[in-house]
Amino acid sequence: MEKTIQILIYIHAAFGGIALLAGLISMIAKKGKNIHRKSGLIFFYSMMLSGIIAMIVAVLPNHESPFLFAVGIFSLYFVLTGNRALNFKRKNPNLKIDKLISIIMIITGILMILLPVILTKSINIILVVFAIVGIIFSVRDLMLFKNPERLRKGWLKLHLGKMIGGYISATTAFVVVNEFFPSFYGWFIPGIVGGFIIAYWMRKMNKKTKTVANNV
């Protein structure tokens with residue numbers, strides 16, 4: 001069993017590495033072009049496989065880790081919802097699966113905060129931060145689902161923001177595993193840097209939207 005688990009860990013790491021490379025190419029490539037779409041798909045499937053394998057390992061004997069299992073759900077939430085945001089550009093998309101994903105993330109976020117308190121009588125600050133971020137995004141998603149027109153207009157922002165969020169998760173895992181930063185800083189530095197990148201793209205898209213509106 002242990003040998004099988006080690007193989008799974010290697011496969012998980014391999015897909016994680018592929019996701020890092022493909023995600024970087026997708027971010028650098030011009031949006032909407034073939035290379036962006038193909039590298040984006042490779043990033044999506046690599047992240048999904050890497051995350052699912054990590055969650056499987058986190059429940060196997062001698063490797064049980066509710067912490068890593070919850071972080072896996074957090075990472076998959078961003079990648080999955082980022083990919084599904086592509087459907088929102090259509091009129092009247094079926095949102096049943098999207099609502100379910102958001103609800104699962106909210107429940108997971110609540111458990112990420114409460115379980116450490118119940119089981120260890122202490123607060124896990126890393127899980128709390130991740131949980132709050134996941135809950136905020138999920139609640140925002142559910143609110144957007146009630147406004148189809150606003151959802152359709154904002155699909156690209158959702159797609160880019162969530163996919164970059166997924167890339168931040170992959171980068172965080174890489175930084176933490178390789179101990180590039182001391183203590184718990186590695187858990188937050190990629191998120192802080194990634195936050196500035198997301199802000200840059202959102203600002204760029206807002207300027208483009210205003211330019212188009214002014215020219216109409």
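A residue counts as buried when its relative accessible area is under 20%. In this predicted model, Lys162 comes in at 3%, so Lys162 is buried. Its salt-bridge partner is Asp141, with the closest N and O atoms 2.9 Å apart. Asp141 sits in helix H5 and Lys162 in helix H7 (residues 155-177), so the pair ties together parts that are 21 residues apart in sequence. Asp141 is tucked away as well: its relative accessible area is 3%, so it also counts as buried.

Helix H5 itself runs over residues 125-145. From first C-alpha to last, the 21 residues of H5 reach 30 Å, close to the 30 Å expected at 1.5 Å a residue. Besides Asp141, the buried residues of H5 include Ile126, Leu127, Phe130, Gly134 and Leu144. At the start of the helix, a side-chain oxygen of Asn124 gets to within 3.2 Å of the backbone nitrogen of Ile126.

The whole structure turns up three salt bridges. Another of them joins Asp98 to Arg84, with 2.7 Å between the closest N and O atoms. Here Asp98 belongs to helix H4 (residues 96-120) and Arg84 to helix H3 (residues 66-84), so this pair links parts that are 14 residues apart in sequence. Both Asp98 and Arg84 are buried.

Then there is the bridge between Arg152 and Glu149, at 3.0 Å from N to O. These two residues both lie in helix H6 (residues 148-153), three residues apart, or about one turn of the helix. Arg152 is partly exposed at 29% relative accessibility, and Glu149 is partly exposed too, at 40%.

Terms used
Residues numbered from 1 in each chain as written. Predicted model: local features only at pLDDT ≥ 70, side-chain atom pairs only at ≥ 80, totals over all residues. Heavy atoms only, no water. Helix = DSSP H or I, 4+ residues; strand = E, 2+ residues; numbered from the N terminus. Expected span 1.5 Å × (residues − 1). Buried < 20%, exposed > 50% of the residue type's maximum accessible area, 1.4 Å probe, protein only. Polar contact = N/O pair within 3.5 Å; in protein donor to acceptor, adjacent residues only side chain to side chain. Salt bridge = Lys/Arg side-chain N within 4 Å of Asp/Glu carboxyl O.
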